[in-house]
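Here's a quick briefing for anyone meeting this structure for the first time. Take a look at the sequence and the model, then read on.

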Amino acid sequence: MKEFTRNNKWLVLGNPKICRHTECLHKEGFVSWVQKSYPFEIGDIVFLYVDGAVRFKTFVEAAVNHREDGEYWIGKAPEHPTFRLRLLAESDGSNLSATELAKFGFKGGQSLRHYIHHNIEMLEYIEEVFK
């Protein structure tokens, strides 16, 4: 596996009412994420918060000019440039629920798009769960 030299780590919301991210990650090993709304860079780590907990650890593998996970969308998938987030690990979420993460200042919410590198305690906690 490639060594990462960047330190950018993100926490984003995967909404199962819009896309079946969990199914896509299980079957394809990746999920697409829109480029225009997220300033990710190749090699960044992205944790996905799905169904009330951080469930997946992914890394930004590539930037592509199309959506690769369209069949997993509820309704018509938008076509625009995306990042391919490759699955690294999965958690059952029991230790990464909103209640657990609130101890580190996590507020959750529908606008979840946090650069978490600056929140060392929460980042270390999340990464420990994924070991």
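The protein chain has three helices and six strands, where helices (H or I, at least four residues) and strands (E, at least two) are DSSP runs numbered from the N terminus. Starting at the N terminus, the elements go β-α-β-β-β-β-α-β-α. Bear in mind that this is a predicted model: local features need pLDDT of at least 70, side-chain atom pairs count only at pLDDT 80 or more, and totals for chains, interfaces and linings use all residues. Residues are numbered from 1 along each chain as its sequence is written, and side-chain values use heavy atoms, leaving out hydrogens and water.

**The chain as a whole**

- The protein chain has 131 residues, and 47% of them count as buried (under 20% relative accessible area, with exposed over 50% and partly exposed in between, using a 1.4 Å probe and protein chains only).
- Look at contacts (heavy atoms within 4.5 Å) with a separation of 6 or more, and 70% of them in the protein chain come from residues 24 or more positions apart.

**Nonpolar cores**

- A nonpolar core is a set of buried Ala, Val, Leu, Ile, Met, Phe, Trp, Tyr and Cys residues joined through side-chain atoms within 4.5 Å.
- The largest one here has 20 residues, and V12, V31, W33, F40, V46, L48 and L85 have the most contacts inside it.
- At least two residues of this core come from each of β1 (9-14), α1 (21-28), β2 (30-34), β3 (45-50), β4 (53-64) and β5 (82-90).
- Another core, of 16 residues, lies apart from that one, and L11, L13, F47 and Y49 are among its members.
- Setting aside residues up to four places away in sequence, W33 touches V12, L13, G14, H21, Y38, F40, L48, T82, F83 and L85.

**Strand pairing**

- Strands pair if DSSP finds at least two bridges between them.
- β4 and β5 run antiparallel and are joined by eight bridges.
- β2 also pairs with β5 in the antiparallel sense, over five bridges, and S32 has R84 in β5 as its bridge partner.

**A closer look at T58**

- T58 sits in strand β4, opposite L87 in β5.
- T58 is buried, with a relative accessible area of 0%.
- A polar atom of the T58 side chain lies 2.8 Å from the backbone oxygen of V46.

Notes
A polar contact is a pair of N or O atoms within 3.5 Å; within protein, one must be able to donate a hydrogen and the other to accept it, and residues adjacent in sequence count only if both atoms are side-chain atoms.
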